[in-house]
Amino acid sequence: MEGIKVNQIGVSFKGIGSYVPDQVLTNQKISQKVDTSDEWIKSRTGISERRISRLEDNVTEMGYEAALNAIEMANWDIKTIDLIVLATSTPNDLFGSAPSIQAKLGAYNAVAFDLTAACSGFLFALITATQFLKGGSFKRAIVIGADQLSSFVDWNDRRSCILFGDGAGALAVEATNEFDNFIGFDMRTDGERGSFLNLPSTNNKDSIIDNIDFLSGGFSPIQMNGQEVYKFAVREVPIILEKLFRNTNYSSDEVDWLVLHQANQRILDSVGDRLKIPREKILSNLEKYGNTSAATIPLMMDEAIRNNRIKHNDIIATSGFGAGLSWGAALIKWG
Ligand code: COA
């Protein structure tokens, strides 16, 4: 890792990639498990189906595939990558899954670590990585969002199990002293409202030897107050984006694409309406994948870039939001 130290001003986006497991769970199939229907799920969320990991699709494997696609698009020599940040809440190793992605890629010159911020994770990881790049410490970074929430969903809870799916996305970001395509960002946390969405650890008391107890590790399934999370998202996301537009001297008219965390189509539409961004500029693929947590934003961007919808120099307003509660926004120019 040598970094670039002179006249460092910004970053550019060089590549993007994604991966989803091939196992499809449709609304119709969920309705064989819990009391729900395709019509109910589609009208309340916009989701038709989601992908569910098989044994071989853990966060390391999904994140690796997504990163590889991004690196191929960037046309980078893997040895030149300095930093890998993996946003995930569901690592297949609690000590971190980023190092195993680094090893699988053979990116031996990169420092690699996990970052946990649930559905805001990708955005927080992107912001973290860009700070290292703009500060001159690193030149090339891979930012990955990957989650396997299917392992932590209560498949008997119809209020939450309909929402989530598995997947990964990754972005290749490079420092440059010529321009800055990371226009601005903002981030927020409100732990007071954290109980609206949790994946808490379980505390099963056991004993090591006489009089010395310990708590065995484990997690209970996702607990969610859907109505409160919905209200939080439709209130806070427009506020943080409006503030970002003000701080960067951009207006919502100048935005080519709104790429929100894919949680619920009604949330996407409501935020777009509040910001007066027309529906055709609001990217959505949650019909096919549901809410893949930290993966949704790069998964959506990958699809739109490879389909030539997002083009070089397009302005993208993006926002991640979810458990914590946490939320954030960034304004970027693609390329
Ligand atoms: N199928 C059929 N009925 C369902 C159902 C399902 N899958 N889930 C809930 N219901 C029922 C409820 O039991 C309730 O019935 P009742 O009135 O007889 O008690 C009724 O539908 C309304 O429930 P409610 O929770 O008010 O529904 P909603 O309109 O708020 O929709 C969500 C529920 C989960 C779709 C919605 O709240 C939501 O999307 N919230 C945001 C969640 C989110 O995005 N989380 C991740 C953030 S990163």
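The model is predicted: local features require pLDDT of at least 70 and side-chain atom pairs count only at pLDDT 80 or more, while totals for chains, interfaces and linings use all residues. Residues are numbered from 1 along each chain as its sequence is written, and side-chain values use heavy atoms, with hydrogens and water left out.

The ligand sits in the largest pocket. A pocket here is an open set of points on a 1 Å grid over the protein atoms alone, where a 1.4 Å probe fits and protein lies on both sides within 12 Å along at least five of seven lines. A molecule sits in such a pocket if more than half of its atoms lie within 2 Å of the grid points.

Around the ligand there are 22 residues, of which T36, R44, R158, Q227 and N264 come nearest; a residue is near if one of its heavy atoms lies within 4 Å of the molecule. By class, this shell comprises ten nonpolar, eight polar and four charged residues, with Gly counted as polar and Asp, Glu, Lys and Arg as charged.

At least three shell residues come from each of domain 1 (10-178) and domain 2 (183-193 + 222-333), the bounds being an automatic or database domain assignment. The elements α2 (38-45), α6 (226-248) and β14 (315-322) each supply at least two residues, and α6 gives the largest share, four residues. Helices (H or I, at least four residues) and strands (E, at least two) are DSSP runs, numbered from the N terminus.

A side-chain N or O atom of T36 is 2.6 Å from a ligand nitrogen, and a polar backbone atom of G226 is 2.9 Å from a ligand nitrogen. The protein buries 75% of the 960 Å² that the ligand exposes when taken alone, by the Shrake-Rupley method with a 1.4 Å probe.

Two backbone features remain. The peptide bond from G324 to L325 is cis, with omega near -15°, and L325 lies in the loop between β14 and β15 (326-333). K276, although not a glycine, has a positive phi of about 60°; K276 is found in the loop between α7 (265-275) and α8 (286-289).

Notes. Polar contact = N/O pair within 3.5 Å; in protein donor to acceptor, adjacent residues only side chain to side chain. 1 Å grid on protein atoms, 1.4 Å probe; cavity = no way out; pocket = protein on both sides within 12 Å on 5 of 7 lines; lining within 4 Å.
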